[in-house]
Amino acid sequence: MQTVNPLTMYVPIYQTDEAQATAQAAYQGFNSAVTKAALDKMAIVHYARIALVPNTNGKGIAGILVITEFDGNMNSYLEAFFNNSTTIKAAFLVIISLWANKPADFPTNPDQITYTIFSNFINERNLSQSQDLYYAYPQSVKQIVAKFSK
Amino acid sequence: MNYTQTPQPAKPELNDIQGLIINGYTHPCSVHMLFKFNQEGTNLKYIREFFKDLLPYLQSAEDWGALKPEIMLNIGLSAIGIGIVKPDLDVPNSSFPSTFKKGPWDVNNAQQSLGDYGAGDPAEWWNKKFNNDDVHCVVHAYAMNPAAQEKIVGIINDAALKSNGMVTELKPLNSESGRLEQYLLVPSDYIHFSYRDSIDEPDLNENPAGKDQQDLNNFLIGYSTLPNPIPGPLSGPEAAFAKNGCYNAFRILYQDVEAFNNFLEKQAEVIAPKIMNTKEYTEEWLAAKMCGRWRNGSPLVLSPDKPEHSTSKSTDFGYLKDDMKGLKCPFSAHTRVSNPRDEGVDVAGSDTVPRIIRRGMPYGPPLSIDPDADRGLIGLFLCGDLSSQFETLYNWINLNNFSDVFDPAENTPQDPLVANRIVPLPGNIDPNFTIPMEDGNNIVIDGPLPQFVVTRGTAYLLLPSISALTAIANGDA
């Protein structure tokens, strides 16, 4: 049994100027004090980053890649963000808003994105399985932070 | 997936809800029959007939009056089962929660929370008599006496036999009948480890605007007003189908009574001198420290030194006031882990203490009658949200990392009674069981402790509404 799990989520995005600019802003704003405060409070994420994957012709952004390693399983991770962190939930909702392959009736109002819609969206786009992850240590974020705070 | 949301209704109708959800049945006999629907060349007509034959005995949550029904049943369907009987819902692409769709054997989610590894690995379930994804339907049959049980089992069996091979019963046990049959222990509310069970259940108050985790709207699909849990689906035609339903984590747990008794006996010899009491008392004391209640049901917080009749069914107590050092009830004790009450929870920013409804009963004869028999618990763990209620609590059982009463800097202890020892252990598990003592000389039982409980099988089922089951029987869209 492993206690740390991976998320590698790729979301192809709209090719409009507005969507491309929003993706750039999301990328540039991700590693900020606000994100750090939100993730520190959750104390389950070891590392997190987003990357912009370029189109094959080198012009513009094809999609957004989210890569994290977290404690617990995927469902508990997603529930934590959906229920307990407006900051991180909002970041995911921005990515969902840029998703290029939306079904016609997919809610555009973020308030209508229920936890089930949210979690199914991310689960269905996660390219990693638990067994894919190499990890050098089994300790949790909470444990490591507490240990080195002593 | 259909994303159009169904408006939230105001009030649940008891006559549309399966009785098992609201009422803890006390029928002395029950059988839990597993069925597989034929997926190849499925002829829905025959499967509908199967349901039609069962409908007259389907028990709703309405009050049955002075006389208990002599025979009655409730029905659960797995995600695959729903996909077969309701192909129009397109279950794989539906808004049913992924936990339900992927099942309790999902290596990335459920298996990690449930800790089903080793002898309890999903590959070992159901005594390998059938595949995990073969369980499409479970019929929970209840009866007032053995003759009545035979009658209701006969009715269900006949319904399957005349389905032209479309409905096949699966028999998971190596016993004579092969079925999951309740064994009536004496007293009747005890389990094989000789503890009184099912003392503390959620109140299930009908409180649509409430924020109490015990409220009915946290267990019934279509009513939740809280951000967590969120019983769903809430969008698309699947929301209409699932409304008034509830999930059942149906879990068969083998109990190694011999290993448990031997453990208590052996450890009591070592511990008795430390607590300056007899070996006989120490066995019961240790059993209580592992569970959080004495075997008669008295909570350690209210009756720290001995079991008392007056507290044997007590549920009104907490830990915050005078047991935050675990001197009465150890932090890892089973009932304290599965319901930490007011001790304080901190999990990824959440302080929610989820609840589940338990409708379990023992199976198999006791050790004294047949030492070699299979025995354990037929667990029906009902919830509105499998992930945030059932799996969360089970994860806490396996990894006691949900509260700051456990030093976050140290390795993570486990529930000494129920947890899977998970061999090989992840490097951050503390395999020992620690009993805090007043003088600071804590009693530490070196682990890993024996594997007292082994998962024999698990199925995630929806207990659909009466109207949804009627629609299946009638072939209504």
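The lining of the largest pocket divides into 14 nonpolar, 26 polar and 9 charged residues, where Ala, Val, Leu, Ile, Met, Phe, Trp, Tyr, Cys and Pro count as nonpolar, Asp, Glu, Lys and Arg as charged, and the others, Gly among them, as polar. The model is predicted, so local features need pLDDT of at least 70 and side-chain atom pairs pLDDT 80 or more, while totals for chains, interfaces and linings use all residues. Residues are numbered from 1 along each chain as its sequence is written, chains are lettered from A in the order in which they are written, and side-chain values use heavy atoms, without hydrogens and water.

**Pocket and cavities**

The volume of the largest pocket is about 830 Å³. It is lined by 49 residues, and Ile44(A), Val347(B), Ala348(B), Asn395(B) and Asn401(B) are the closest to its centre. At least two lining residues each come from α2 (33-42), α3 (74-84) and α6 (141-149) of chain A and from α5 and α11 of chain B. The largest share, 7 residues, belongs to α3(A). Helices (H or I, at least four residues) and strands (E, at least two) are DSSP runs, numbered from the N terminus.

On a 1 Å grid over the protein atoms alone, a cavity is a set of points where a 1.4 Å probe fits but cannot get out; a pocket is an open set with protein on both sides within 12 Å along at least five of seven lines, and lining residues have an atom within 4 Å of a point. Grid points are joined across faces, edges and corners, and a volume is the space filled by probe spheres set on the points.

There are 6 cavities of 30 Å³ or more. The largest cavity holds about 720 Å³. Among its 37 lining residues, Asp197(B), His334(B), Thr335(B), Ser338(B) and Arg358(B) are the closest to the centre. β6 (246-255), α10 (334-338), β9 (376-383) and α11 of chain B each give this lining at least two residues.

| Space | Volume | Lining residues by class |
|---|---|---|
| Largest pocket | about 830 Å³ | 14 nonpolar, 26 polar, 9 charged |
| Largest cavity | about 720 Å³ | 21 nonpolar, 8 polar, 8 charged |

**Interface**

Contact (heavy atoms within 4.5 Å) joins 46 residues of chain B to 40 residues of chain A. The buried area is about 3,300 Å², with 46% from carbon and sulfur atoms; this is the accessible area (1.4 Å probe) that two parts lose on being put together, summed over both.

Between the chains there are 2 salt bridges, each a side-chain nitrogen of Lys or Arg within 4 Å of a carboxyl oxygen of Asp or Glu. Lys147(A) and Glu410(B) form a salt bridge at 3.6 Å, N to O. On the side of chain B that touches chain A, α4 (98-102), α5 (110-114) and α11 (386-398) each give two or more residues. That side comprises 16 nonpolar, 22 polar and 8 charged residues.
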